[in-house]
Amino acid sequence: MASLQVALTASTSSFACTSRAAAAASSSYGESVPALAPRASSNARSAGFVVATGRVSLRAFEGLRGLSGGLVASPVESLKVARSSSGGDDAGYQPLRVYAARGSKKIEGRKLRVAVVGGGPAGGCAAETLAKGGIETFLIERKLDNAKPCGGAIPLCMVGEFDLPPEIIDRKVTKMKMISPSNVAVDVGKTLNDDEYIGMVRREVLDSFLRERAVKNGATIINGLFLRMDVPKDENTPYKLHYTNFDGASKVGTPGVLEVDAVIGADGANSRVAKDIDAGEYDYAIAFQERIKIPDDKMEYYENLAEMYVGDDVSPDFYGWVFPKCDHVAVGTGTVINKPAIKKYQTATRNRAKDKIAGGKIIRVEAHPIPEHPRPRRASNRVALIGDAAGYVTKCSGEGIYFAAKSGRMCAEAIVEGSANGTRMVDESDLRTYLEKWDKKYWATYKVLDILQKVFYRSNPAREAFVEMCADDYVQKMTFDSYLYKVVVPGNPLDDIKLAINTIGSLIRANALRKESEKMTV
Amino acid sequence: MAAMVTLAKPLTGAVVAPVASGGALSPNAGKSSQLLVSCRRWQGRYRTVVNVESTGSRFVVRASDGEGLGSAADAGGNSIVLEVAGLPEEPETEGIGNLAPPTSSPRKPSPLAKGGTLDGPQAEGKAPAAATLGKTSPALSLGTFDDPRWKNGTWDLSQFTTDGKTDWDAVIDAEVVRRKILETNPVSSNNEDEVVFDTSIVPWWAWVKRFHLPEAELLNGRAAMIGYASGWLVDAATGIGLVDQQNSFFGKLLLFISVVGVLAIRKTSDVDTIRDLAKESTYYDKQWQATWKDAKDPEKSDAL
């Protein structure tokens, strides 16, 4: 593993040097990058998540469960300890040293200018890290009080990693109920510690907090709608962003132009930046949600409990949910393959929760696309995509907030490093560094969730088996650990084998019952 | 002027995006022809599941008034909200009132028809229940689940027991009926009558006896017939007896292939299923690695 890292570093720097020397970068990108990257990704894939034997960060996993540590009271504590000791969330991991920027042009007389298009979690965290790194940052956001339709669930690690104040979190969900097609209800959450929870936030509150923090660090917020971008033909011309400025001078907005050296596209699932760089299309789910104000006694049931409904009636390839918000619940569902029927699925979800939300009034209806997989091209010249614009939403759970924020931070860090704190021009290799780091770090998480979705959201028997498996304590522990801390924790192998056998048994039994029911002609 | 400029631009997925300040646009002759032009221009850029009737000749341009649909009035091009608004309303759930009147506008559903949307029975899921496909008898669709042996959210096993022996087949049958009825008529999940039934209360040998053994008999019968027939044919063709046939590596290999084949491929459609499964298992990886191929053409996204 160490040798691979050295090889990667060496080849990265040699690649960078040749590209500098050539000064006609595009052809060398085409050849060198595929040679470089598949090694990393195939390595990650073939060895699974056990890949990094040279990485100290795996040892930190044991600290999570208190196996070698034992001094720390809880996984949260150990995370905090690890973070403070190393000053980063990769405890002890030596980042790839990319020397690409050493050969790149030094900018005279000014700092590197970067525009972040979109001011959600991704844009806000990217702008903050860029500004902290000494780069002139512009954050373009079209609606500063936007309440993005969203489940609003954030994992525990996000609170720690992004220093979120406790006021931001409306509710701490500690119990989840999974309900199968035949209404078998399983309570999940018995294995949580007292200080572990899933945070429910209001998007407008979270987004503005992150943006304000970026401003405090030196970023400039432009309240404007990004229209399009002029992509330069060579590496000396800046990117020209055309936008409509809503600075209050006129009601309709005045056209504005911004010239920057690099652009980060953080404008969400309908990203225009992605369109401008021909990033390609992706499959997306439509998530449809109704906010329902229910009577107080019914609201008590949802005090810190969220529900998940699975079934053919609720969605053919996703789940329906009831998530508690500040003073109401959000009832919704989603689907990829049968989008026109979304309202039918929503009615079915409401019907399944009917007894628990009876007497409620719908106060708001919202919908939004959710990407299902990353776009074919996530970086192009000096433009990179992060968050939903890149397609970093997990399957199975549809989680995107944490990954948006994290990708924003990682991309910004790559730019800061590649430009040596804003003194040098960046280019595509610096952005590719961020992509490489991202893929290497989170590929296992995404793949595991993809497998779970493919296996357990496949059919009603599979969903019944899924809910049956969720009753198991080991499953709950593994699920919450991987969700709350975003690490694919290798558990005890014996327990894993037992789990595998139980899963196969559940699936077989459920499918056998289905086959019998098909024979039935009542 | 600003409004005209906005309309002329090809916008992501949107037919038309309302102007930022939320003003409603009214269709007039000059603008609609420009709309046509802009729409046809970006039609060509999408190589996904295309809704053929989307090259329509006229459509109503209307900004939703933002009341019922949260961020719809934004100019950000969240057109999917506008499309969803255009879907036909579904019957209300009892006891839930709707304060926000839904807006409905006839527009072509383009964002709802692409991005992985499938057509026909495929859209119901990978393995939809017969009930979901609408293939149930009227008797079942009117029925509710009402079995006296179901107590406290699970089957009361004492009611299936005679002389100390539990009739597991009857338990399995009862559960099959319950699931079928609930698939056809989903019922609201209730906190008072929580269902806690777990299929693992039925012991493993009951499952084996009922489901595995008949199928095993079938497959063994097939294997025996295939084996005997091919053994006889090879003997007739080459004169090598049954024992000598299996002495060679080739013979052993053929034997292995036929055993696996009988197990894996029980119907002709199983070949397609296996091929689809193989494709499916690597599809997500390919989507992730697309950015490293640096392809000029964006990957065609066929939904699985």
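Reply: Leu254(B) is partly exposed, at a relative accessible area of 45%. The class covers values between buried (under 20%) and exposed (over 50%), with a 1.4 Å probe and protein chains only as cover. This is a predicted model, where local features need pLDDT of at least 70, side-chain atom pairs count only at pLDDT 80 or more, and totals for chains, interfaces and linings use all residues. Residues are numbered from 1 along each chain as its sequence is written, chains are lettered from A and ligands numbered from 1 in the order written, and side-chain values use heavy atoms, without hydrogens or water.

Leu254(B) sits in helix H9 (residues 249-264) of chain B. Helices (H or I, at least four residues) and strands (E, at least two) are DSSP runs numbered from the N terminus.

Next, the loops. Most residues other than glycine have a negative phi. Asp163(B), not a glycine, has a positive phi of about 55 degrees. It lies in the loop between strand E4 (161-162) and strand E5 (165-166) of chain B. Asp163(B) is exposed, at 82%. Ala420(A) also has a positive phi, near 50 degrees. Its loop runs between helix H13 (401-418) and helix H14 (428-456) of chain A. Ala420(A) is partly exposed, at 27%.

Pro376(A) is buried, at 7% relative accessibility. Its loop links strand E16 (361-371) and strand E17 (379-380) of chain A.

In chain A, 8 strands form an open sheet of mixed pairing, in the order E10-E9-E8-E2-E1-E11-E18-E17. Its edge strands are E10 (254-260) and E17, each pairing on one side only. Two strands pair if DSSP finds at least two bridges between them. Strands E1 (residues 113-117) and E2 (residues 136-141) of chain A pair in the parallel sense over 5 bridges. Val116(A) stands opposite Leu139(A) in E2(A).
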